[in-house]
Amino acid sequence: MGQAAHGTSYINSEKGLMSWLTSLDHKRIGILYFVTVLFFFLVGGIAALLLRAELFAANVTAEGVATAGQIFKNGDTYNQALTYHGAIMVFMVIVPGIPSIFGNFFLPLQIGAKDVAFPKLNLASWYLFMIGAAMAVATLFMSRLDTGWTFYTPYSIRTGAAVSLMVGAVFIMGMASVLTGLNFIVTIHKLRAPGMTFHRMPLFTWAIYSTSIIQVLATPVLAITLMLLIAERAFGVGIFDPKLGGDPVLFQHFFWFYSHPAVYIMILPAMGIISELLTTFSKKTIFGYTAIAYSSLGIAAVSFFVWGHHLYVSGQSELAGVIFSFLTMLVGVPTAIKMFNWLATLYKGSIEFRSPMLYALGFLFLFVIGGVTGIMLAVLPIDVHFHDTYFVVAHFHYVMVGGTLMALMGGIYYWFPKMFGKMYSESLARWSWIFIFVGFNVTFFPQFILGAMGMPRRYFDYLPAYENLNRISTVGSWMITVGFVIALVSIIKALKSGEKAPANPWGSKTLEWMTESPPITHNFSHEPVVTEGPYEYK
Amino acid sequence: MWFLALIRQANAETFMPTQATEIATSIDNLYGFLVAASFISCAILIGGMVYFAIKYKRQSANDKTAYITHDTRLEILWSVVPLIIFLVVFAWGWVIYHDMRQMPKNALEIHVTGKQWAWMVEYKNGVKSPIIVVPVNRDVKIILTADDVIHSLYIPSFRVKQDAIPGTYTALWFNSKKLGEFHVFCTEFCGTQHSGMMTKLRVVTQEEFDKWLVEESEVSLLPMAQRGAKIFQTRACASCHNVNNDVVKVGPSLYKAFGQASHELDSGEVVQFDENYLRESILNSNAKLAKGFGPRSAMPAFQGQLSETELTALIEYIKSLK
């Protein structure tokens, strides 16, 4: 295994499916994750389309009484679709997405390493992830999983048997992400090329570093919580179940102690990609390298102390609410710093509107809106009104889809030539951006207004007053779909008949562009020696 | 002055529900400020981005760019200014939140229990109601709990929300300045009929409230069929179903309907018009449609809407239509 001669690309070094499934090459493992995440994105996306189709029209009378649905027979099936959409998109797409695809593929390349520190562990992580994913898929054949992705007790203790298996699946996928995170941390500390000091690392690597720290520290808490939930369901231990003297709100505290930092697991790698895209396509050094690098770490640190802002109306004390609101405001500062630094990077640059850059600019646009609405939600009395309404739904889609997914798409187009050695059609890629960007705003902006009007989330049905905006939102979801179909076509077309990509098509300065496209199995024919920072466009 | 006008302007355009309490007004003012501040931030960041993108568009592959690594003064500026704004809105929010969490003394206390999938409202004199009725201009404290899973009581027009948690009590308060009916939602996911778990909050004058309390306390003493007749009116059954003769309004007439041995259905099937048929049709009107009323019923499903005693009383009333 891995005995390819110098000069053979990692794709051609060995042939056959088994060579991929047993590969220890971080690049091949990155591709395995790419295919896996893409598949689950498709499944989660179909669930989302069904939800939006159901919400196309109100089935409720003015008296507030529900009748039969548009496409789902009743609330039960809708609630299951909602749960699969949330759980798949969070645990199988957004959380693992950027770190496991691009982190695996590009982290070693960016620091001039041959591979990650523990290649076998890396492959084991993917298999763990697949076991978790298979368990998650198996729940489809069991009695209903309808808790929402948050698994709140005591509902999750009482509903269908599928909950235990799904929770077990998330536990195992969490384990996979801890191992990956550990692998990355050790790789960054131990395998940097000569001259690659911490302050010469590309910002994407910095972002993956911060993310990995959160993954390693926070995921075990989720794991414990999920184990307790399984124990509660299987043995009735009575930690969360009020009927047995437990406290159901305790689950929420445990859950968000992981899941709030997890929000930063989702967004930090995206921010890393954006830094790479903006410098490359402005042909200009990043503004405030140190500030961006350390604000990632700052966000990582503070993110552990803000979980209570999910619990303002759960009955926690006024003092707790005030403290969490204050700390949440503090997370806003490093985020604002990054925004301004990116803006300043554009200043006096030479901006080229390639599709990765369009996705990066789209990210900035959407993330600003996601950010300011996040501040609104951090303000105590405002959140009391908006909590669990469509305002929250709109906010976190602006952050996670407008943020992470836009960055993921930008990353795919940016690194595609490197990963596959082929160029894609620029015009198809731009069309995909237009549909996704416009469709996204059409889908989610009306949801801010719906939330302000008081429409609760996770509703199978709603009052007629909310119908017009819901209709617009559903039409938007179709536009996004068109965008993703175009993107898929552009990728398939490029794989089949794309022109051969040069080593560095964009004129980037980071190390991954200094080797061939696609890279050889050992990444570099000679170990690179680093003599300057990552963005020296002089 | 212009600033207050700006806030008021912002308020008018934020699509918030009716402001029925003073708290709602102060929350909307803060929200108006946040919306204005957000628009300004977006204008700076997005506007700046678009401006730079156009101004510094690549002219040729050999463009020279400025080499600017950082600027300490600017970086301090854009760290400190957002921090100050964040702290201002935090403190402003705290002041309002403090008012919301201080339960007023001498408030009218009402117990509300969430249950899959309805709210049970109970007054101190023992009246139980599916809707919340309160007097205008009076401090009202709602003491919440839940029977089964977590629910959350949300009254958009009052800008209040509080989780109802089994095994513990939580509370919220309001003082409505407006008469009328307001929506009440459940906002914590609670299963199949979560979205159907809504009710009304009716704000009436003190006199009407006192009268309503007395009347309601007498209802439970009425014979079953008479209680059913009241439900038939309050649930607006009478607007579609005739009870005095055979004339069809919107739905089938219920006059002398009960007891038919061969009641014809739209599907051609023939069933008996008995208690169980009535029960099924009230809870899920599409289950068995009467002949000529297919293929879909216009009648809402009352599954989860009526208590067992209400349902029985309603059936007894329909039985009495002879």
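Colleague: How are the residues and chains labelled, and what limits apply?

Modeller: Residues are numbered from 1 along each chain as its sequence is written, while chains are lettered from A and ligands numbered from 1 in the order in which they are written. The model is predicted, so to speak of local features needs pLDDT of at least 70, side-chain atom pairs count only at pLDDT 80 or more, and totals for chains, interfaces and linings use all residues.

Colleague: Which way do the residues of E6(B) point?

Modeller: In a regular strand, side chains alternate between the two faces of the sheet. Here His151(B), Leu153(B) and Ile155(B) point one way, and Ser152(B) and Tyr154(B) the other way.

Colleague: Which strands pair with E6(B)?

Modeller: Two strands pair if DSSP finds at least two bridges between them. E6(B) pairs with E7(B), residues 160-164, in the antiparallel sense over 5 bridges, and Ile155(B) stands opposite Val160(B). These two strands form a hairpin with 4 residues between them, and Arg159(B) in the turn has a positive phi of about 55°. E6(B) also pairs with E9(B), residues 180-186, in the antiparallel sense over 2 bridges; there Leu153(B) has Cys186(B) as its bridge partner.

Colleague: At what angle do H3(A) and H6(A) pack?

Modeller: Axes are lines fitted to C-alpha atoms, for helices over the stretch in contact, and angles run from 0 to 180 degrees between N-to-C directions. H3(A) and H6(A) pack at about 20°, with axes 11 Å apart. That makes H3(A) roughly parallel to H6(A) (angles under 35 degrees count as roughly parallel, over 145 as roughly antiparallel, 65 to 115 as roughly perpendicular and the rest as oblique).

Colleague: How many residues does each chain give to the contact between chains A and B?

Modeller: Two residues are in contact if their C-beta atoms, placed from the backbone, lie within 7 Å. Chain A gives 80 residues and chain B gives 76 residues. On the side of chain A, H10(A) gives the most, with 14 residues.

How values were computed:
Buried ≥ 20, exposed ≤ 12 C-beta atoms within 10 Å, placed from the backbone.
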